[in-house]
Amino acid sequence: MTGSSPDTQILRRDPATPLWVGTVVLRLVTFGFAIAAVLVHQHGYQRPLLGWVVLGVMACWTAFTVPAYLRERRRPWIVYTDVLLTCALLMTSPLILAPGQYIDVPLITTVWASVAPVAMAVLRGWPYGMAAGFLVAVCTALARGVVNVDVTRDAVLLVGAGLIIGMASTQARATAAQLRRAMRTEAALAERERLARSIHDSVLQVLARVRRRGSELGGEAAELARLAGEQEIALRTLVSSGPQESTANGEADLGGRLQMLGTSRVQVSVPAQSVLLPEEIVSELLSVVGEALSNVDKHAGPMASAWVLLEELPDAVVISVRDDGPGIPDGRITSAAEEGRMGIAKSMRGRITELGGTINLETAPDAGTEWEIRLPRAAGRDGAEGA
Amino acid sequence: MMADPPISVMVVDDHPLWRDGVARDLSERGFDVRATAGDAAAAVRIAGTVRPDVVLMDLNLGDSSGVDAIRSTVAKLPDTRVLVLSASGEHADVLEAVKAGASGYLVKSASAEELVDAVRRTAEGDPVFTAGLAGLVLGEYRRMAASPDPGVATPELSERETDVLRLVAKGLTAKQIAGRLQISHRTVENHVQSTLRKLQLHNRIELVRYAIEHGLDEDAP
C-alpha cells in the first residue's frame with residue numbers, strides 16, 4: 001500500500017486518538033477543580049504552603065502530559081510515571097489536610113487523580129486500566145486512613161473507569177486492525193485483477209499461438225506446442241478463477257473451486273452463477289472430486305480424458321465425474337477391490353455419506369466410469385445471483 | 001466436405017497476432033476469409049458490408065463488448081452465424097453471447113482441426129457446443145426455473161433436452177449420446193439447437209420488454 005493516500009494516513013494514526021483527547025480534556029478540567037479545592041480549603045490546612053507546592057507539581061505535570069498525550073507517539077513510561085506520581089501526590093494529603101478535614105474535605109489531588117488510571121486504560125486496555133484504578137483507590141484509602149462509603153465509592157468509580165475506557169480503547173484498536181486487513185485484501189484483489197487482465201492480453205495470446213502453430217509444424221515443435229498448451233491452460237485457470245475468498249458467512253463458491261481442477265485432459269463445466277456452500281463442505285467435495293480424478297489417472301490410463309459437471313438443482317447439488325477410459329470389465333470388480341480401486345471408492349463414499357450425500361459409480365466395459373455425487377441442500381435457499 | 005463456393009468467414013479479435021494467425025489457418029484450409037476486425041464497432045460495420053457466412057468472434061475486445069457486437073450482427077444479418085472463440089474462463093460472457101444469438105462456442109485452446117470443423121458445422125447451422133457451454137446453458141435454465149421472471153413466460157427444458165444437455169456437459173459426443181439414448185444423431189443436434197433457440201428467444205423478449213419499459217423501443221433488436 002502506498003503511504004501518501006489520506007485513507008492510509010487515517011489507518012496509521014493510533015485508533016485510540018479520540019480517547020487520548022478526552023483524557024487530556026479530563027486532566028485540564030480536573031486540574032481546575034484541584035485549584036478551586038485548594039483555594040476554598042487552604043485556610044483549614046495544617047500546611048497550606050505544602051498544599052501550594054503539591055498543586056505546583058500537579059500544574060507542571062499537567063503542562064507536561066497534555067502535549068505528550070496529544071503527540072502521535074506516546075511513550076509508555078510517561079503513563080506509568082503518571083500513575084506513580086499521582087499515587088505519591090495523593091499520599092501527601094495527610095501532611096497537608098488538618099485532622100478535622102478528613103471527612104468532608106477532598107484530598108489534595110481531588111478528582112485529578114482519576115486521570116492517570118484513565119490514561120493507563122487508553123494505553124494498555126482494560127486489565128491495566130483496572131489495575132491502575134485499583135492502585136489509586138488503595139492510595140486513597142491509605143491517605144484517608146479509613147475505608148468508608150466514600151472511599152469505596154471512589155474505588156468502584158476508579159476501577160470501573162479503568163475497565164470501561166480500557167474496553168473502548170481495545171475495541172477501537174481491534175476495529176482499526178480489521179479495517180486495515182480488509183483494505184489490504186481489497187488492494188491485493190485489485191492488483192490480482194490487473195495482473196489477470198495483462199496476462200490475458202499478452203502471455204496467453206502468445207502461448208495459444210505457439211500451441212496452434214507448433215502442433216501444425218509437428219516434430220519437435222509439436223512437443224513445444226504441447227508444453228505451451230499445458231501452461232496456457234494452467235495460466236488461464238489461474239487468472240480466471242484464482243484462490244477465491246470465502247464470503248463473510250463462511251461460504252465458498254463450489255463452481256469456482258472446481259474449475260481450478262481443470263487441465264488439458266479434465267474439462268470442468270459449472271453454472272454461470274456461483275454455487276455457495278459452507279467452506280468445509282466445499283473443501284470436502286473438492287477433495288473427493290480430486291480423488292475421483294486421480295483414480296482416472298491410475299486406472300483409465302494417462303490418455304483418458306475426464307469431465308466434471310456441477311449442477312445446482314432446487315433441492316440438491318450434483319457433481320458428475322466421467323472418464324472415457326476402458327471402464328471396469330464385469331469380472332474384474334473383485335480383483336479391482338484388491339488393487340485398491342474399491343478401497344478408494346469406499347473412502348469416497350464414506351466422506352460423502354458423512355456430509356449427508358450419496359455417491360454412485362456407473363461403469364461398463366469400454367464405456368468409461370462415471371461417479372455421481374449428490375448432496376441434498378437445506379430447503380429454502382436460493383443460489384446466489386452471479387453475473 | 002466443403003461445398004463448391006467456399007465458406008466465407010470474418011475474424012474478430014483485438015489481438016493482431018491471434019487474429020492474423022486464425023485468418024491464415026482458415027485461408028490455408030480453403031475458407032474465404034473476407035475480413036478481420038479488431039473491435040466491436042468495426043466488426044458490426046464490416047460484417048454488414050461483407051456478409052460472411054460465419055463470424056468468428058472473441059468476446060474480449062479490449063474495452064468494447066463482443067456480446068453487443070453479436071446482438072447487432074445477428075439482428076442485421078439473419079443468414080450470418082456467429083461462432084464465439086474465446087478463453088475458457090469467461091463463463092458469464094460466454095452465456096451472454098449465446099443468449100445474444102451466437103450459435104456456438106469454442107475455446108481458444110482448440111486445435112486448428114477442431115476450429116475448422118467447428119466453422120463448417122456452424123456454417124451448416126449446427127450448434128457447436130463444448131461440455132463447458134452445455135453446463136452453462138443447463139445452469140441457466142435451472143436458474144430461471146428457480147427464480148422465474150415475473151411477466152415473461154420462463155423457457156423450460158423438456159426431459160429429453162435435459163438428458164441431452166447433461167450428456168453433452170459430461171463430454172459425450174453427439175454420436176455417443178445418440179447411442180446411449182437410442183435416438184438418431186440428427187435428433188440429438190435438434191435437441192441441442194432447440195435449447196439454444198428457446199434461450200435466445202427469451203432473451204430477445206426480455207430485451208424488447210426492457211426497451212419498451214424504458215422508452216427505447218425505436219432501437220430494439
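Q: How many helices and strands does the secondary structure of chain B come to?
A: The model is a predicted one, and chain B has 221 residues, of which 53% count as buried. Among the contacts in chain B with a separation of 6 or more, 67% are between residues 24 or more positions apart. The secondary structure of this chain comes to 9 helices and 7 strands.

Q: How far apart are the end C-alpha atoms of helix α4 of chain A, which has 15 residues?
A: Helix α4 of chain A runs over residues 76-90, and at 1.5 Å a residue its 15 residues should span 21 Å. The distance between its end C-alpha atoms agrees with that expectation, being 21 Å.

Q: Which elements of chain A are included in what covers the buried residues of α4(A)?
A: The buried residues in α4(A) are Ile78(A), Val79(A), Asp82(A), Val83(A), Thr86(A), Cys87(A), Leu89(A) and Leu90(A). What covers them includes, from chain A, α2 (17-41), α3 (48-70), α5 (93-96), α6 (115-124) and α7 (126-144).

Q: Does Gly301(A) count as buried or exposed?
A: Gly301(A) lies in the loop between α12 (279-299) and β4 (306-312) of chain A, and, leaving aside neighbours within four places in sequence, Gly301(A) is in contact with Arg265(A) and Val296(A). Its relative accessibility is 18%, and the cut-off for burial is under 20%. Gly301(A) therefore counts as buried.

Methods. Residues numbered from 1 in each chain as written. Chains lettered and ligands numbered in written order. Predicted model: local features only at pLDDT ≥ 70, side-chain atom pairs only at ≥ 80, totals over all residues. Heavy atoms only, no water. Helix = DSSP H or I, 4+ residues; strand = E, 2+ residues; numbered from the N terminus. Expected span 1.5 Å × (residues − 1). Buried < 20%, exposed > 50% of the residue type's maximum accessible area, 1.4 Å probe, protein only. Contact = heavy atoms within 4.5 Å.
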